Amino acid sequence: SRMEALPPSAAGRAAALATACVRYGRGGPGRALSLRAVTAASAQDIGNVGRKYHLKLVLEDILEKDHTVNCTAEILYHLGNTNAAPDVHFEIEGELKSTDKHDNIFYKRIKSLKEELVAQDIPDSHGNVPLGMEPIRLLAQAAAGYVAWQNSTENTRYELAQIKHVRQAKRSDDYLEFDYMVLLHEFVSQEIIPWQMTVLWHPLHGVKVTQNSRQPKHEEH
Amino acid sequence: DQVLRVVAGDGAQLALLQALGDREELQVDFWHGPTKPGHPTDLRVPFRNLQAVKSFLEANDVAYSVMIEDVQELVNEEKRTMTLSRRLERSTDTFDFASYHTIEEIYDWMEALAAEHPDLVTRLQIGQSYEKRPLFVLKFSTGGSGRAAVWLDTGIHAREWITQATGVWTANKIAKEYGKDPTVTAILDNMDIFFEIVANPDGFAYTQSTNRMWRKTRSLNTGSSCIGVDPNRNWDAGFGGPGSSSDPCSETYHGPRAHSEREVSAVADFILRHGGVKALVSLHSYSQMLMYPYGYKAEPAPDRQELDALAAEAVRDLAAVHGTRYTYGSIIDTIYQAAGTTVDWAYERGVRYSYTLELRDTGRYGFLLPAGQIVPTAQETWPALLDIMRHALEHPY
């Protein structure tokens, strides 16, 4: 069937998914990508395949004041088979500001720690992020983009709610490795879902989630 | 205990009064000692000896009148005023709007606000939560009777801490701006505002003691180990339909029946009994949206055009403060299908200007919004709220 234009506000979940994918693909400890606006949206039902969204988005890097980039994204949510992650393609117009300087400072700092980094509750109940922990949080948010992508349907929207626990794992190579236990917030069901993620990062190679698994809800109900 | 005023008619009666004071077992306490005939003497008499003292005075033809009916009450009142003003000094002057507070701190602050603005603000109790916490509402009124009213609530979902915090700032703002800001003054000269800042105190307490991410009430569910009902799915508007869950373990569990939750029925009964609520705004977080009915069905609300235009204006005025972008539209179009919501219920009961606001942010910190954003959030939300209230004032129905 035809592509039908949607009011931008109706494409909220698809736009959030696109943003999650951009975070994973381009994110890291020095970049805080956020969706600023949906400027255009359209959707199309493809018989026996699924529903495809075409989006024009404006993204911003909150750490770079007022720096925005335009992004086009195409998302195909697959019909029926809910185990298949949606197909997501995105293109960023122009360049995101380089994070090399911050990445290298962070990298050196972590590499020179005498003991592996351990932390919990980032942010805490009052929204505080301890000094020096924001890059750890941004890294988790980038990694959570991958988890969101792998688990999204047309009726879900995932956000990183909190890092419950993070532990750095020793590595013999140049990568940094962090084992995260996070809480994801799924918007439509409003559920808070514990999720484990093993995350690799390197200033030159970006973010990789090597392992992730949904965790059982902790029982005080 | 009572205080009796006695006037000794002559020297003999004066001597009698002095003798009365000498009788230790009566424990009579002179506030004004017996001095001269014709001059009043005030004596405080303990309750258990009142009969004896009065009989004595009557038997001797000494005239008396009761000055103070109940001394204990006076003492209590004085103590209360002192404690209040101590709390006042601590509270409204020194209250830190830029941080998150406990229920006790918020409830105390509400009491202090009412004490500081006795001609404008009263703290009412409209019911009790499941765990028997008081459900308090601040009433802003400049008098009159049968006035139209605005209902505001924050904190219906416990973990949305930016809402309770915004509620405190906003209530303070309303009180401070009456008589100064022309819009606030015009609104309050003609309408009352009812503001429930902690609409889900049990849940709120739980987010502070145990689980920061708790959303629902804390009522026990028969036949389930899971606790709580989503108070924004428990209203009698499309109740139980798609966009709510029948699973007690779900965050959007609608409850066994509409208004099963005391937190919900207290508000619903209050609004229905009042009969004159013309605008209702229910504050939530997060995602930066301003929404109007319906959530439970796709059919457009009859007043959709007007509600949409007002939403556009409010969102524009909000953005003008700090540049924060909100989207707006009906609940079902903008966020998701949701059945049994406050806003749909109010609208179907005749409250035309029914809105729900989702405050900051869009997911960066989500529910864990840094306290430094409380005041900017409240500041930008303020003109949006004023737009809605002013519109209700200028479009009576």
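Let me start with the lining of the largest cavity: strand S9 of chain B gives the largest share, three residues. Strands and helices here are DSSP runs, strands (E) of at least two residues and helices (H or I) of at least four, numbered from the N terminus.

A word on the model. It is predicted, so local features need pLDDT of at least 70 and side-chain atom pairs pLDDT 80 or more, while totals for chains, interfaces and linings use all residues. Side-chain values use heavy atoms without hydrogens or water, residues are numbered from 1 along each chain as its sequence is written, and chains are lettered from A and ligands numbered from 1 in the order written.

Back to the cavity. A cavity is a set of points on a 1 Å grid over the protein atoms alone where a 1.4 Å probe fits but cannot get out, and lining residues have an atom within 4 Å of a point. The structure holds eight cavities of 30 Å³ or more. Volume is the space filled by probe spheres set on the points, which are joined across faces, edges and corners.

Its lining numbers 24 residues. Nearest the centre are B:Asn232, B:His284, B:Ile335, B:Tyr336 and B:Glu358. S9 (277–285), helix H11 (342–348) and S12 of chain B each supply at least two lining residues. By class, nine are nonpolar, 11 polar and four charged.

B:Glu358 takes us to the sheet. In S12(B), B:Glu358 stands opposite B:Met289. Three bridges join S10(B) to S12 (353–359), antiparallel. The pairing cut-off is at least two DSSP bridges.

On to S10 itself, residues 289–292 of chain B. B:Met289 and B:Met291 point one way, B:Leu290 and B:Tyr292 the other. All are buried, that is, under 20% relative accessible area with a 1.4 Å probe, protein chains only; exposed is over 50%, partly exposed in between.

S10(B) also pairs with S11(B), residues 327–330, through four bridges, in parallel. B:Tyr292 has B:Ser330 as its bridge partner there. Between S10(B) and S11(B) the chain passes through helix H9 (304–322), a right-handed β-α-β crossover.

Finally, the domains. Chain B splits into domain 1 (2–69) and domain 2 (92–211 + 251–394). Their centres, over C-alpha atoms, lie 58 Å apart.

B:Pro37 is 26 residues from B:Gly11 in sequence, yet 6.1 Å away, C-alpha to C-alpha.

How values were computed. A crossover is right-handed if, with the strands pointing away from the viewer, the path from the first strand over the helix to the second runs clockwise. On a 1 Å grid over the protein atoms alone, a cavity is a set of points where a 1.4 Å probe fits but cannot get out, and a pocket is an open set with protein on both sides within 12 Å along at least five of seven lines; lining residues have an atom within 4 Å of a point. Ala, Val, Leu, Ile, Met, Phe, Trp, Tyr, Cys and Pro count as nonpolar, Asp, Glu, Lys and Arg as charged, and the others, Gly among them, as polar. Domain bounds come from an automatic or database domain assignment.
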